[in-house]
Amino acid sequence: MGEAKKLFIKTYGCQMNVYDSERMAEALGGQGYVATDRADEADMILLNTCHIREKAAEKVYSELGRMKPLKEARPDLKIGVAGCVAQAEGEEIMRRAPVVDLVVGPQSYHRLPEMETAVRQGARALDTDFPEEDKFAHLKARPKAARAPSAFLTVQEGCDKFCAFCVVPYTRGAEVSRPADRVLSEARDLVERGVREITLLGQNVNAYHGHDGSLAGLIRDLDRIEGLARIRYTTSHPNDMDDALIAAHADCEKLMPYLHLPVQSGSDRVLKAMNRKHTAESYLRLIERIRAARPDILLSGDFIVGFPGETDQDFEDTLSLVRAVEYGQCYSFKYSTRPGTPAAERAQVEDGVATERLHRLQALLGEQQRRIQDAMVGRVVKVLFEKPGRLPGQMGGKSDHLHAVHVQAPDAAVGSIAPVRITESGANSLGGVLA
Ligand code: SAH
Ligand code: SF4
Ligand code: F3S
């Protein structure tokens, strides 16, 4: 066999893309590729892209522009585009960017090995099908190499909700759940390879129905895997938060006290226009029930400001909802028009107005995050050590509540979990000492 070819993957977007990038690297491993973190020495560059907002999608074309000289210097270099922009704009990418050899959508990447063979022979290859077959069932078994203590595991993909602003139902397709036995065996393999924490992924992960007992049933089965210490899941939709899942937060020991539950807006008028199919009030009642099950749960969310038709009063309603919930961590975005979605046709909010609202919302969310983080000082929390910190003898990891924590712990092993007394609260992380 000749020397291994090198593969450089650049990942944009959500955690599912991070997981997909790993699986694509593994699929190309079978074609003789090893990973590199240097684009300039790669034989193949894959951009795993995100289409969620305009800026994310534009990045792809500017990145491809930067690749032109690389390709001119080394005509053997193959360039591929994967992910949600590939799905949404595959043919346009082929037309606009002659440097691109290969375009593969999120549901077709099990076909990468054949596509790679084709492009090595000089062809250009495009596959943005939503195939009948399940890509996971067609990917080879995962390699056995040791890995980092925290891993993502996709269990559900796609979305049937069709929020009026969102491209995901078009780029990822309809909701599909992976069978529980496959998920459980992949989880066991990950644990054998050193994983202590698994985050289950899905665009609507709590709509998972690959187990008789839905997501809660899957979590309870995972809870019994020896060696696995922590379970998380993301992203959830309020309408799929069933009683069994809420109950799991009360008594499932390995299920961590953290929940990302996007609401998008606090105005019923806007929620209706967004096609969210819940109200601000129903969301607040839901939060009450979740907190009754797990009082110390840290809540996280997503917000969009400047959705078409959003008035000052609507925005004030969003601020009121945020005040009522008290989030520990949030993402907030200015509405971005996405071609082909229903909201793109509506009258848009003036950009300056949306920017000002975003700043006000982010100031409030920032205060809440700060308050909850500062309240950890003096408490003893459990930290999963993930990697050495910046200073000598320091280890970095995450608490149960997903706070980043750095600890002076020269003898602690990566993958171990230890009680830590929090002594300081910094800009985006906590500091502490072994308790
Ligand atoms: N499936 C998840 C998240 C999908 S995308 C869910 O339903 O919660 C992640 C976040 O991006 C969304 O929650 C939303 O806040 C934001 N988002 C999606 N489309 C957007 C758009 N057109 N403009 C701005 N933000 C958007
Ligand atoms: Fe997009 Fe709404 Fe589906 Fe989330 S639930 S992926 S925001 S359409
Ligand atoms: Fe982006 Fe696709 Fe994820 S649009 S957020 S990469 S599902």
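I start with a helix pair: the axes of helix α11 (residues 280-293) and helix α12 (residues 312-325) come within 11 Å of each other and cross at roughly 10°. That makes α11 roughly parallel to α12, a term for angles under 35 degrees. Axes here are lines fitted to C-alpha atoms over the stretch in contact, with angles from 0 to 180 degrees between N-to-C directions.

From α11, Ala280, Tyr283, Leu284, Ile287 and Arg291 meet Leu321, Ala324 and Val325 of α12, contact being heavy atoms within 4.5 Å. By class, that contact has seven nonpolar, no polar and one charged residues. Nonpolar covers Ala, Val, Leu, Ile, Met, Phe, Trp, Tyr, Cys and Pro; charged covers Asp, Glu, Lys and Arg; the others, Gly among them, are polar.

This is a predicted model: local features need pLDDT of at least 70, side-chain atom pairs count only at pLDDT 80 or more, and totals for chains, interfaces and linings use all residues. Residues are numbered from 1 along each chain as its sequence is written, chains are lettered from A and ligands numbered from 1 in the order written, and side-chain values use heavy atoms, without hydrogens and water.

Next, ligand 2. The residues around ligand 2 include Cys159, Cys163, Cys166, His237 and Arg276, and by class the shell has seven nonpolar, two polar and two charged residues.

Now the whole chain. The protein chain has 13 helices and 19 strands, taken as DSSP runs (helices H or I, at least four residues; strands E, at least two). Its C-alpha atoms fill a box of roughly 60 × 60 × 45 Å along the principal axes.

Terms used:
A residue is near a molecule or strand if one of its heavy atoms lies within 4 Å of it. Angles under 35 degrees count as roughly parallel, over 145 as roughly antiparallel, 65 to 115 as roughly perpendicular and the rest as oblique.
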